[in-house]
Amino acid sequence: MAKIRPVGDRVVVKPAAKEEVTKSGLVIPDTAKEKPQEGTVIAVGNGRLLDNGERAGTEIKEGDRVLFAKYGGTEFKLDGDEYLVLKESDVLAIIG
Amino acid sequence: MAKIRPVGDRVVVKPAAKEEVTKSGLVIPDTAKEKPQEGTVIAVGNGRLLDNGERAGTEIKEGDRVLFAKYGGTEFKLDGDEYLVLKESDVLAIIG
Amino acid sequence: MAKIRPVGDRVVVKPAAKEEVTKSGLVIPDTAKEKPQEGTVIAVGNGRLLDNGERAGTEIKEGDRVLFAKYGGTEFKLDGDEYLVLKESDVLAIIG
Amino acid sequence: MAKIRPVGDRVVVKPAAKEEVTKSGLVIPDTAKEKPQEGTVIAVGNGRLLDNGERAGTEIKEGDRVLFAKYGGTEFKLDGDEYLVLKESDVLAIIG
Amino acid sequence: MAKIRPVGDRVVVKPAAKEEVTKSGLVIPDTAKEKPQEGTVIAVGNGRLLDNGERAGTEIKEGDRVLFAKYGGTEFKLDGDEYLVLKESDVLAIIG
Amino acid sequence: MAKIRPVGDRVVVKPAAKEEVTKSGLVIPDTAKEKPQEGTVIAVGNGRLLDNGERAGTEIKEGDRVLFAKYGGTEFKLDGDEYLVLKESDVLAIIG
Amino acid sequence: MAKIRPVGDRVVVKPAAKEEVTKSGLVIPDTAKEKPQEGTVIAVGNGRLLDNGERAGTEIKEGDRVLFAKYGGTEFKLDGDEYLVLKESDVLAIIG
């Protein structure tokens with residue numbers, strides 16, 4: 001999917017389908033205060049703009065399986081599939 | 001449209017008409033918490049003022065098709081057309 | 001009008017009369033959430049104080065026709081005319 | 001009045017009496033959201049402490065006639081006269 | 001558990017079972033305003049991104065027994081066990 | 001009073017008794033929004049920690065008669081006398 | 001007590017018993033808005049992480065008798081004794 005290039009410190013994530021989540025062994029409890037979500041990174045921005053005008057590198061790369069905070073993300077659909085644009089800082093952990 | 005020059009880290013965007021959005025394959029769900037919008041960048045400011053007094057470059061350029069957060073933008077009309085002035089940071093992703 | 005020198009990153013703006021706005025082709029919809037306003041820059045301050053103690057230059061100059069966010073400005077009258085003192089960052093775009 | 005030395009980025013201002021305000025030609029409308037006030041600077045502090053430990057210079061000097069935002073200032077009386085201690089950033093403009 | 005790599009200044013913690021807590025001699029009163037929790041650090045991120053673009057080192061390492069503020073953490077389950085992703089700054093102290 | 005050493009950018013102040021305030025000629029109106037108070041500086045901390053790890057010097061010294069914002073200070077009694085611990089930035093001006 | 005090592009700019013404090021407080025001559029009024037507390041520093045962290053990646057030194061050391069703001073601290077019990085983990089900035093003054 002070269003169609004979407006996130007700007008700055010943003011990433012595009014494709015949320016995992018319910019069946020995939022079960023397979024990975026990762027379970028997110030319904031009681032979690034700020035419920036995280038599992039997904040795959042589809043595109044990564046150029047990174048956060050530092051005070052010296054340079055861009056910070058990012059730890060996240062295309063194809064990474066991630067646990068992310070849904071809060072703050074923005075949903076959109078492209079060619080029938082659902083995606084989210086998130087801030088890098090909303091990605092909590094890389095799985096696997 | 002050379003008539004509007006956005007100041008600092010702002011951009012001017014012309015929101016896409018409904019039919020155009022359908023053609024690009026991008027769909028924004030009505031249920032989205034902070035509903036993004038599609039549009040074309042018409043003008044780009046000189047960039048954010050850094051702490052050292054210089055201007056940061058920008059990743060966005062005139063003519064870019066973008067997905068943006070409507071929240072925070074300011075609407076105005078020029079010669080009968082609708083535009084928005086946005087902060088660069090309200091542009092989520094570049095399409096195409 | 002040399003009578004008012006704005007301090008720091010402030011500018012003094014004379015709001016455009018209704019008839020002038022119509023002539024420029026710029027229309028601000030009544031439904032706009034944060035309604036911008038059109039006016040002329042009358043005086044510009046020395047610029048924002050940077051962390052290194054210097055003043056940042058400004059993109060706005062006396063005589064500029066501008067679109068500004070009324071929010072945050074302070075109104076006053078001098079010799080019968082109405083003016084606003086604004087932060088530079090409340091000036092959204094330069095027109096023309 | 002050498003009796004009060006404001007600390008840091010503060011200034012002491014003596015608010016103008018009603019008659020003086022009329023004479024200067026400056027009128028502040030009763031409908032103004034954050035009503036500014038006119039006065040004379042009586043004393044100026046050493047300036048804001050910068051991140052490098054130095055003091056920033058100030059644009060305001062003793063004797064300046066100023067337009068200031070009353071909000072944030074602290075009132076006191078000395079030898080029967082009323083004064084305000086303000087942050088420099090609450091001084092909007094220098095008059096004359 | 002190499003399965004989860006926390007991003008940035010985050011750590012993954014496995015909360016201690018009730019019996020373990022008793023053994024360590026550490027007791028957290030029910031009346032505590034912001035009740036802390038005991039646990040073991042399972043994985044540590046690359047550290048906070050500094051303003052100069054480098055990563056800050058961290059004082060916490062895998063295997064550390066820690067007292068942490070539950071507030072702000074995100075719960076998830078992996079292979080039947082419960083974990084939390086926390087900010088390093090939510091780890092209050094290292095025990096032992 | 002060498003018994004109390006304030007930490008960082010804090011000072012210890014002994015509030016003036018009512019009679020002393022009258023003598024200095026300084027009067028604080030009951031209608032003042034954030035009512036300031038008069039007192040004497042008893043002890044001064046090492047100063048604010050700067051971003052470069054050094055301590056900023058302070059403009060306030062032991063024995064200074066000051067006007068301070070009571071808001072934010074913490075009251076305590078030592079050997080029967082009342083004192084306040086304040087941030088330096090809560091000291092508005094030095095009197096005399 | 002080598003059992004607890006506070007992280008970053010935190011300290012561990014043992015609150016003084018009521019009788020001890022009386023002996024030191026320090027009294028905290030019941031009417032105090034943000035009531036401070038007296039105690040002894042048991043352990044000190046490595047200090048605040050500066051923007052350049054180094055740790056700031058601290059003015060507080062083990063064994064110091066301190067006046068601290070209870071607000072923001074976290075209570076826990078170890079081997080039957082009560083302790084608090086605080087930010088260094090919650091320590092107001094060193095006594096004696």
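Biologist: How many residue pairs are in polar contact between chain A and chain B?

Modeller: Bear in mind that this is a predicted model, where local features need pLDDT of at least 70, side-chain atom pairs count only at pLDDT 80 or more, and totals for chains, interfaces and linings use all residues. Residues are numbered from 1 along each chain as its sequence is written, chains are lettered from A in the order in which they are written, and side-chain values use heavy atoms, leaving out hydrogens and water. A polar contact is a pair of N or O atoms within 3.5 Å; within protein, one must be able to donate a hydrogen and the other to accept it, and residues adjacent in sequence count only if both atoms are side-chain atoms. With both residues at pLDDT 80 or more, the count between chain A and chain B is eight.

Biologist: Which element gives the most residues to the side of chain A that touches chain B?

Modeller: Strands here are DSSP runs (E, at least two residues), numbered from the N terminus. With five residues, the one that gives the most is S6(A).

Biologist: And which residue of chain B forms a salt bridge with Arg55(A)?

Modeller: The rule (a side-chain nitrogen of Lys or Arg within 4 Å of a carboxyl oxygen of Asp or Glu) finds one salt bridge across the interface of chain A and chain B. Its closest N and O atoms are 3.4 Å apart, and the partner of Arg55(A) is Glu59(B).

Biologist: What area do chain A and chain B bury between them?

Modeller: Buried area is the accessible area (1.4 Å probe) that two parts lose on being put together, summed over both. Carbon and sulfur atoms account for 51% of it here, and the total is about 2,100 Å².

Biologist: Which strand of chain B pairs with S1(A)?

Modeller: Pairing takes at least two DSSP bridges between two strands. S1(A) has three, in the antiparallel sense, with a strand of chain B at residues 91–95. Pro6(A) stands opposite Ala93(B) there, and the strand is S8(B).

Biologist: Over in chains C and D, what is the bridge partner of Arg5(C)?

Modeller: S1(C) pairs in the antiparallel sense with strand S8 (residues 91–95) of chain D, over three bridges. Within S8(D), the partner of Arg5(C) is Ile94(D).

How values were computed. Helices (H or I, at least four residues) and strands (E, at least two) are DSSP runs, numbered from the N terminus.
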